[in-house]
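Here is a short tour to read alongside the coordinates. Keep the viewer open and follow the topics in any order you like.

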Amino acid sequence: MKFHIIAEKDLKIVTRDRNAIFLMFLLPMLIISVAGLALGGEFAQDIRIDLLVVDLDNGDISREFIEFLEDIDILDVDMESNEFAARDRVKNQEYGRLVIIPRDFTGNIMIGQNSELLIVSDPTEESQNTIVEKIVEGYASRLSTNVVAVKTVATYGVPAFDDEQKFRIVEVASQFAEPQPVGVTTETTSTTLGEFSPFTQYVPGFAVMFLLFTTVQVGSVSLLKEQESGTLRRLVIAPLRRAEIIGGKVASTFFRGFIQLTVLILFGKFAFDLNLGSDMIAMVVLISAITLAATGLGMLVAVLVTTKDQADSVSSLLVLTMSAIGGSWWPLFIEPQFMQDLAHLTITAWAMDGFYDLLYFDLGMGGILKEVGVLLSMAIVFFGVAISRFRFE
Amino acid sequence: MSDGTIITVENLKKKYNGFMAVDDVSFAIERGEIIGLLGPNGAGKSTIISIMCCLLEPSSGRVTIDGFDIKKNAIDIKKIIGVVPQEISLYPTLTARENLTFYGRIYGLSGKGLKDRIGTLLDMVGLTDRADHKLEGYSGGMKRRINIAVALLHDPRILFLDEPSTGVDPQSRKRIYDTIENLNREGMTVLLTTHQMEDAEKLCHRIAIVDKGKLIALDTLDGLLKQVGESDIIHVAAKEIPPGSVEAIRQIDNVQKVSTDNGMMTIQLLHGRGLLAGIIDTLISSGTKVESVQIKEPDLETLFLHLTGTRLRG
């Protein structure tokens, strides 16, 4: 396979282009710094999520859970003793959502019984609900570990001394672990939430926007330039498979985008102490998925237009629109619901959801599976259409 | 020159959206020949070359290159042909050496072999001293020479050149001619397309004339010119050519063909020099405002006019 030769050539051309380096790295760093410092605290004030809690248990664990919720900056937690009254207050849109802790919640967990935390929410506030769901799921996941341990010990007994016993214990424990005993589907826990600083918004926001410029605009223009200058024709005449030519172009755009997004996120960490969460593998997976989807969109633009000037203007329009409605410039949850729904047709919205999951909620790999899945699906669709319509002649 | 056929083209057709770009073309090229495909822009020359380079698929017909069928053995064919496209297919922000290195690696060359080959080719095209300069600072002719060098990296048996001397200065044009002749002397078969008479007359052993997708003649330069006979061509540039003047010229003895195009009248006739005074008189008396008159001996343009009734233009 010779696709790497094409990719290396493209990357060499980029490194020679001072404007490209400025647009890829220095300009976004400048904008992130200015926006983050100038608008410091704006979003911390904006992000307030009201939450009503009904504690039917009144046990140690339920009290710990409520304290955990109250410690989270963005949540305004109020208590309600009557479940029916609480449901009415949500129904009347006095509160956006309600968490009901069931009776004997503490007791059940202590003796290893399954339990269910119930969230009742106003469907018009989807993104705030999602945040609360992730917080509750994270805590429930941690409690589930306790339940599994209690069940395992109760079933098998301790201590275990030989390898065979240890193996059986693991086997028994895994039977209890699925489905999760405290009614959750999240695989990782979010036990601590960092501060939602302006940089939690602006670093990924502008990093994704400039990634889109690199992959959609520069990527599509680079492909069309190769077509218009005849160098693509020369590659087609060479003893190469067409897949190698496309592979080379895709690899260079992907690699360039991946490095750019990684550098900008790391810039956020080292310059502004941005919390990257605890799962670096998940971060790499998310960055890869975002870059792949954006690379696919760039290729799609290249096959849908006919000249590089058209690619330039169509890409700018696409990137700016996606950035505005997709949450690059302000958090998605301050947009009206219909805009949020519309936003989720864009790469930006799914990318930002993924970054919030990692940077703020620290949900790890389990928390970003949906976002990564959607981004990879987008990539498959974009590449599928683009490759089927690609003009080599 | 000849030791066997290296390229055969049989009943080749290529249709685009109902337009017949190549219409039932057949010919053969001998090993070691330089063949020119001559015709105006849009005649189908580049389409024929694109099919032979496996860039386009034919609608019907058969093409073999050194025994390989273009439909079945595209990769084998690509390894033995070199192609010089009409446009400068190079990366302007890379140096000449970097461009050659990139394409050399694409053709599977590496290490010392690649380095030596690049050195040889830079010498051949006379650009060794500029090898490490970016192409964006090169003149059009210098770029075109590197464009040719790229096609020779893998030492191909057959070289296709699409309009090799378009837009180059006389010095670069001479260098390009010398390069093609030297390569041919070393045994390389060359097929070039051109709408420049000079390319075909100076370089080609045989010339194929293509017009509107059809091959209308294929022979040596002498053989082709014999078809024109003793005809001369008179070009008349005029401010105004009334319709009656064309008819008046046609009535003169020995006039074979008359055509007008955008202030230019072209007259094909026998014994042109002797009739020149009478022609000018007829033009003036029929209301033509003559600006200049030029008489030409038989050449490829005369032939093209003779065969197609139209002038060969760029």
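What percentage of the 393 residues in chain A is made up of buried residues? The share is 45%, where buried stands for 20 or more other C-beta atoms within 10 Å of a residue's own C-beta, placed from the backbone (12 or fewer is exposed, and in between is partly exposed). Please bear in mind that this is a predicted model, in which local features need pLDDT of at least 70 and side-chain atom pairs count only at pLDDT 80 or more, while totals for chains, interfaces and linings use all residues. Residues are numbered from 1 along each chain as its sequence is written, and chains are lettered from A and ligands numbered from 1 in the order in which they are written.

**Chain A and its domains**

- Chain A holds 16 helices and four strands; helices (H or I, at least four residues) and strands (E, at least two) are DSSP runs numbered from the N terminus.
- Of the contacts in chain A with a separation of 6 or more, 81% are between residues 24 or more positions apart; a contact means that two C-beta atoms, placed from the backbone, lie within 7 Å.
- Chain A splits into domain 1 (3-43 + 196-389) and domain 2 (48-174), with bounds from an automatic or database domain assignment.
- The centres of domain 1 and domain 2 of chain A, taken over C-alpha atoms, are 37 Å apart.
- Eight residues of domain 1 of chain A are in contact with eight residues of domain 2 of chain A.
- On the domain 1 side, the residues that touch domain 2 of chain A comprise five nonpolar, three polar and no charged. Here Ala, Val, Leu, Ile, Met, Phe, Trp, Tyr, Cys and Pro count as nonpolar, Asp, Glu, Lys and Arg as charged, and the others, Gly among them, as polar.

**Where chain A meets chain B**

- In the interface, 19 residues of chain A are in contact with 18 residues of chain B.
- On the chain A side, the elements that give two or more residues are α1 (3-15) and α10 (231-237) of chain A.
- The most comes from α10(A), with six residues.
- By class, this side of chain A has eight nonpolar, three polar and eight charged residues.
- Across in chain B, helix α3 (residues 96-106) is mostly covered, with nine of its eleven residues buried. Among them are B:E98, B:N99, B:F102 and B:Y103.
- These buried residues of α3(B) pack against α1 and α10 of chain A, together with α4 (111-124) and α5 (140-152) of chain B.
- After α3(B) comes B:G108, whose phi is positive, near 90 degrees.

**The six-stranded sheet of chain B**

- This open sheet has the strand order β6-β7-β8-β3-β9-β10, with mixed pairing; two strands pair if DSSP finds at least two bridges between them.
- Because β6 (81-84) and β10 (214-219) of chain B stand at the edges with a single partner strand each, one side of each is left without a neighbour in the sheet.
- Direction ignored, neighbouring strands of this sheet are turned by 15 degrees against each other on average. The axes are lines fitted to C-alpha atoms, for helices over the stretch in contact, and angles run from 0 to 180 degrees between N-to-C directions.
- Strands β7 (residues 158-162) and β8 (residues 189-194) of chain B run parallel and are joined by five bridges, with B:F160 opposite B:L191.
- Helix α6 (residues 170-185) of chain B lies across β3 (34-38), β7 and β8 of chain B, at about 150 degrees to β8(B).

**The four-stranded sheet of chain B**

- A second open sheet runs β2-β1-β4-β5 with antiparallel pairing. Its edge strands, β2 (19-30) and β5 (68-69) of chain B, each pair on one side only.
- Strands β1 (residues 5-16) and β4 (residues 60-65) of chain B pair over five bridges; B:T8 faces B:T64, and B:I7 stands opposite B:I65.
- Eight bridges join β1(B) to β2(B), and B:V9 has B:F27 as its bridge partner.
- In the hairpin of β1(B) and β2(B), two residues lie between the strands, and B:N17 takes a positive phi near 45 degrees.

**Nonpolar cores**

- The largest nonpolar core has 97 residues, and B:F160 is one of those that touch the most other members. A core is a set of buried Ala, Val, Leu, Ile, Met, Phe, Trp, Tyr and Cys residues joined through C-beta atoms within 7 Å.
- Its largest share, seven residues, comes from α5(B).
- Not counting residues up to four places away in sequence, B:F160 touches B:I49, B:M52, B:C53, B:I81, B:V83, B:V84 and B:L191.
- Apart from this core lies another of 66 residues, among them A:L223, A:L264, A:I325 and A:A343.
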